[in-house]
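Here is a short briefing to read beside the model. Please keep the sequence and the 3D view open as you go.

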Amino acid sequence: MARIACIMVADFSIAALVRSNPAFEGKLLAIGRSLAPHAELDAVSPRARELGIRPGMTIAQARAISSDLAVVHRSPAAESSAHSALLDAVESVSPVVESGAPGCVWLDLAGLHRIYNGEEEITAELVRCVRRVGMEPAAGVAANKELAHLAARCGGVRVIEAGREREFLNWLPLDMLGLGKSDRGDDLETTLARWGMRRLGELARLNPDAVGTRLGRRGVELVRLARGGSPSPLVPRRRAEFFVETIELEYGIENLEPLGFVMRAMLERLAERLSMRALVAGDITLAFGMSSHRSFSRRIAVAAPSNDVRAILTLINLSLEAAPPEAAVESIRIEIAPRVPRPAQTDMFLPPCPAPDKLQTTIARLAALCGPGNVGTPRAENSHRPEAMRLDPFAPPAAPPIPGNAVAKNVTQLVIRAIRPAREIEVMCSREIPEFVRGENLGARVISIAGPWRRDGEWWLGFTVDMHADSSDETNPAMQKCGFIRDYYELALEDGGVYRIFRDLNSHKWFLDGAYD
């Protein structure tokens, strides 16, 4: 038998505002259609409700009860972020989740009994996860979506055991359903009250055809619901490809320091959502809504995915300091591409490596200090130029293969110590043959020589042109070829050292390229 859970956040528009702005927590708060005294309230906080303030009151009436009431506008951006966070929290428990109205989600409990000991433990875990993202939920578990939703609307945690649905429905008041209007436009709750109906159990005893004749399709659905039927199956949503947090500011921010303070709280909420899903933050996309209806967007590459808020914020600040927004920022949207953390695999014959999360955090901080393009693993480029290299994303080296029954050979290998960048030296030649080498910490006569070996390449890249040079004249000294052409030599000097040098035929200069050890 199917078991469905419903997670619902009461007064969701208020809860979303408190989540985006923790300064509202515990205060008398209400959402109004406008801030005029005659405007009606759409939602109130639990503390304001305790004082007798209700939705539908005007602001003047509510402030007559308490002058400390703070009335603000509704924030669709905060509600969207809070609903996405609610979905992420629920998906950390079950992979089959359906998104309902804002602040309400359903999930399938099939298969979770292998992980948790009973439905009470599942609901306790769901409540704990939703609290981690900054909201207080109610949970209901039943055989279908409608019953689970009704159980969640009762508040707290309510599990309706299989076979006891009618027992729960019999006492449920009709005013908890939010019936609305019938197909003919009549108020359903008023009509049913005239019939003497106060609870769902009384409605279940009516004939569905007779109710449908008087109330239309909505009445038939009510009778089916009162009898425990479920007309709608669970429709799971697709997994989120990006994690997004959005906030609308009360006033424009022009300086980067207060902007970073606001973004830190947003990044902490995103990091919490990612960690619940066992993911880490990858590349970041910023989108600012600025004054004068202008927009600003920036994509920031993350060299090492990590949930370290400090490192991520440093990357963002460095990017914004290089090219800051041109006007005051009025709204912020942060979008993060999730990445799967690198698993750790230890080796019995190698020293232990740092934990993957600590290693990624360290690399992320180095990238924040040095720039993402300056941190990585150097790799040889596919080029004839020996010093050509590129930076690849850093990853610990794999364990070397264990040799089989191969017999080790006693072979002495000559190793060259490359000098990067190549050091300019002075070479004295006789008939184009080097005879004496002089440079920094070096000065000796050549006693043995091998070479030259010519290397050239990258000529296909064309020319680099000085901005003041005539680009049509290739003989102009300001026109320099992008390629290289070199003659390499290997020399044994009187000081006992063996060196590799080359002559750059473009500049006619000599360079020390390496020494043999």
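This is a predicted model: local features need pLDDT of at least 70, side-chain atom pairs count only at pLDDT 80 or more; totals for chains, interfaces and linings use all residues.

Residues are numbered from 1 along each chain as its sequence is written, and side-chain values use heavy atoms, with hydrogens and water left out.

**Overall picture**

- The chain contains 14 helices and 22 strands, taken as DSSP runs numbered from the N terminus (helices are H or I with at least four residues, strands are E with at least two).
- Of the 517 residues in the chain, 41% are buried; buried means under 20% relative accessible area, exposed over 50%, and partly exposed in between, with a 1.4 Å probe and protein chains only.
- Among contacts (heavy atoms within 4.5 Å) with a separation of 6 or more, 60% join residues 24 or more positions apart.

**Confidence**

- The average pLDDT, the predictor's confidence in each residue from 0 to 100, is 81 for the chain, and 86% of the residues score at least 70.
- Residues 465-475 have a pLDDT below 50, and this stretch has 12 contacts in the model beyond near neighbours in sequence.

**Nonpolar cores**

- A nonpolar core is a set of buried Ala, Val, Leu, Ile, Met, Phe, Trp, Tyr and Cys residues joined through side-chain atoms within 4.5 Å.
- The largest one has 38 residues, and Met-263, Phe-288, Ile-332 and Ile-334 have the most contacts inside it.
- Elements giving two or more residues to this core include strand S9 (243-253), helix H12 (256-276), strand S10 (280-290) and strand S12 (329-339).
- H12 provides the largest share of this core, with 8 residues.
- Leaving aside residues up to four places away in sequence, Ile-332 touches a set of residues including Ile-247, Leu-249, Met-263 and Phe-288.
- A second, separate core has 30 residues, among them Ala-15, Ala-16, Val-105 and Val-141.

**Largest pocket**

- On a 1 Å grid over the protein atoms alone, a pocket is an open set of points with protein on both sides within 12 Å along at least five of seven lines, whereas a cavity is a set where a 1.4 Å probe fits but cannot get out; lining residues have an atom within 4 Å of a point.
- The volume of the largest pocket is about 730 Å³, counted as the space filled by probe spheres set on grid points joined across faces, edges and corners.
- Its lining has 25 residues, with Asn-21, Ile-247, Glu-248, Leu-249 and Glu-250 nearest the centre of the pocket.
- S9 contributes the most to this lining, 7 residues.
- The pocket lining splits into 16 nonpolar, 5 polar and 4 charged residues, where Ala, Val, Leu, Ile, Met, Phe, Trp, Tyr, Cys and Pro count as nonpolar, Asp, Glu, Lys and Arg as charged, and the others, Gly among them, as polar.

**Cavity**

- The structure holds 1 cavity of 30 Å³ or more.
- Residues lining the largest cavity include Leu-267, Ala-271, Asn-307 and Ile-336.
- H12 gives the largest share of the cavity lining, 3 residues.

**A buried glutamate**

- Glu-91 is found in helix H4 (residues 76-91) and is buried, with a relative accessible area of 6%.
- Not counting residues up to four places away in sequence, Glu-91 touches Val-97, Arg-237, Arg-239 and Arg-277.
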